[in-house]
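Let's walk through some charged pairs in this one. Have a look at the structure first.

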Amino acid sequence: MARRVFITGLGLIAPHGEDPVSIFDRIYQGDSAVRLVRSGTADFGSDLPLATVDFTPKDRIPKTQQLFMARASQMAVVAAEGALQSSGLFREGQSVEDGEMGVYMGCGLGGAEILQEGYRTYFVRQSRRGRPSTVPMIMASGPASHISMRFGLHGPTHTYSIACASSTVAIGEAFRAIRDGYLDTALSGGAEAMLNDGSIAAWERLGVLASSHMDGPEASSRPFDLERTGFVLGEGAVLLVLEAESALRERAVDPIAEIIGYGVSSDAFSLTEPHAAGQEAAMRSAITDADIEREEVQYVNAHATGTPSGDPIEIEAIKNVFEDHASNLAVSSTKSVHGHLVGASGALETAITAIALQKGRIPPTANLTHPDPCCDLDCVPGYGREAPELTVAVSNSFAFGGSNATLVLRKV
Amino acid sequence: MSAYSYLAEVLVDKYDVDKDKIRPEATLTDLGLDSLMVVEFLFDVEDEFNIEVPDDRAEFETLNEAATLIDELIEAKGD
């Protein structure tokens with residue numbers, strides 16, 4: 001029999017900081033964490049808007065462990081500790097109560113900065129003698145492995161590397177594993193840290209990044225707006241503790257929200273171009289999986305990254321799925337203030353959606369001052385909105401490569 | 001100057017080894033280094049002294065034996 005699955009803990013290392021409540025408050029106010037950053041060197045670089053994270057592990061990770069952890073893994077381990085603490089499953093100086101816990105992580109590039117350093121040694125220093133630990137540090141599975149080792153978690157430790165849908169799929173697969181009885185508890189989310197200059201230069205050449213807006217870099221990420229020019233890359237790690245209802249009953253914990261549905265699909269269409277039919281299939285599948293009527297959905301945390309081509313297609317897909325009900329929906333893109341965390345984006349947006357349900361507050365699409373007529377749904381421009389009746393919400397993630405994933409969450 | 005003092009310094013500063021545990025007869029395993037850390041430690045040493053430890057000579061046991069090997073390689077390089 002299917003079991004109910006709850007989010008009982010959150011740990012965030014995000015562009016807006018590390019405290020989930022204050023992060024949500026800033027997002028709710030449309031307060032952007034995007035700033036102008038110099039990538040590369042003074043004479044061989046570029047100034048561009050990014051959503052960087054002010055993060056150093058300090059003494060939160062033993063020094064010898066830090067040596068063998070890429071930035072994404074460091075952020076993941078610290079976020080995982082925050083999630084475990086907030087769920088009550090772990091307190092400093094104690095072991096995790098459930099040693100069979102699973103780890104389901106999303107990550108796009110793994111140790112991007114370590115790979116860059118390896119190539120620098122090879123190509124620039126003309127040396128074959130890179131760091132011996134390069135290989136284990138660049139693995140996309142590094143964050144999941146380090147979380148497992150750090151907290152002694154012996155359940156399945158899986159990494160999903162599906163570009164922008166990575167962590168949504170990770171959470172969805174963990175949800176299914178718990179719902180179907182394969183495990184009781186999981187740490188699930190995503191980590192991404194690829195704001196090294198080599199990676200950024202590649203993204204720039206793809207032509208999908210936002211240029212700085214005349215109103216300042218914080219106005220650069222503008223999904224659904226006529227003046228949108230692309231997305232703002234971000235970084236971070238976000239972990240959720242997921243628990244079966246049965247596991248919850250043994251502990252006095254107030255869940256943040258319930259996950260009730262998960263759907264995926266593939267466009268089978270293009271490496272970079274989005275496709276409405278595939279997005280629709282993921283949303284329909286998730287709503288069916290949740291065993292709800294589409295009219296019960298009130299809020300969609302959109303994938304909308306702020307690219308000229310992508311946002312209207314998601315709006316079209318939402319209209320096709322929800323038909324007459326689409327005009328009743330609130331649809332916002334919180335990427336407008338936290339940027340696009342790629343492999344960690346879905347986890348951050350799921351966390352924000354969970355808090356939105358808990359607080360009865362819908363986060364906005366910031367910088368939406370001149371709505372694109374092609375994006376003619378209620379996109380919650382500027383500031384958040386009180387919504388005490390908010391009960392069911394959807395979070396979308398659509399990846400390069402055509403993988404689409406949707407989660408459905410419900411207020412507890 | 002023997003490489004011993006450099007090895008001890010790196011072990012304390014980078015690998016967080018307790019200074020009181022550093023003894024000539026201590027093995028790297030005794031000091032808490034796993035196989036990956038040992039390889040990385042040798043990489044640090046090679047970088048510092050601009051030498052290369054041949055695979056067939058990297059089978060030292062104790063810190064003192066490691067320092068002796070490094071000293072020999074430094075001396076050989078100087079010839």
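Is A:R410 partly exposed or buried? A:R410 is partly exposed, at a relative accessible area of 26% (buried is under 20%, exposed over 50%, partly exposed in between, using a 1.4 Å probe and protein chains only).

## Ground rules

This is a predicted model, where local features need pLDDT of at least 70, side-chain atom pairs count only at pLDDT 80 or more, and totals for chains, interfaces and linings use all residues. Residues are numbered from 1 along each chain as its sequence is written, chains are lettered from A and ligands numbered from 1 in the order written, and side-chain values use heavy atoms, leaving out hydrogens and water.

## The A:R410 bridge

A:R410 makes a salt bridge with A:E258 at 3.8 Å, N to O (a side-chain nitrogen of Lys or Arg within 4 Å of a carboxyl oxygen of Asp or Glu). A:R410 sits in strand β14 and A:E258 in strand β8, so the pair ties together parts 152 residues apart in sequence (strands are DSSP E runs of at least two residues, helices H or I runs of at least four, numbered from the N terminus). A:E258 is buried, at 3%.

A:E18 is partly exposed at 34%, and A:R60 is partly exposed at 28%.
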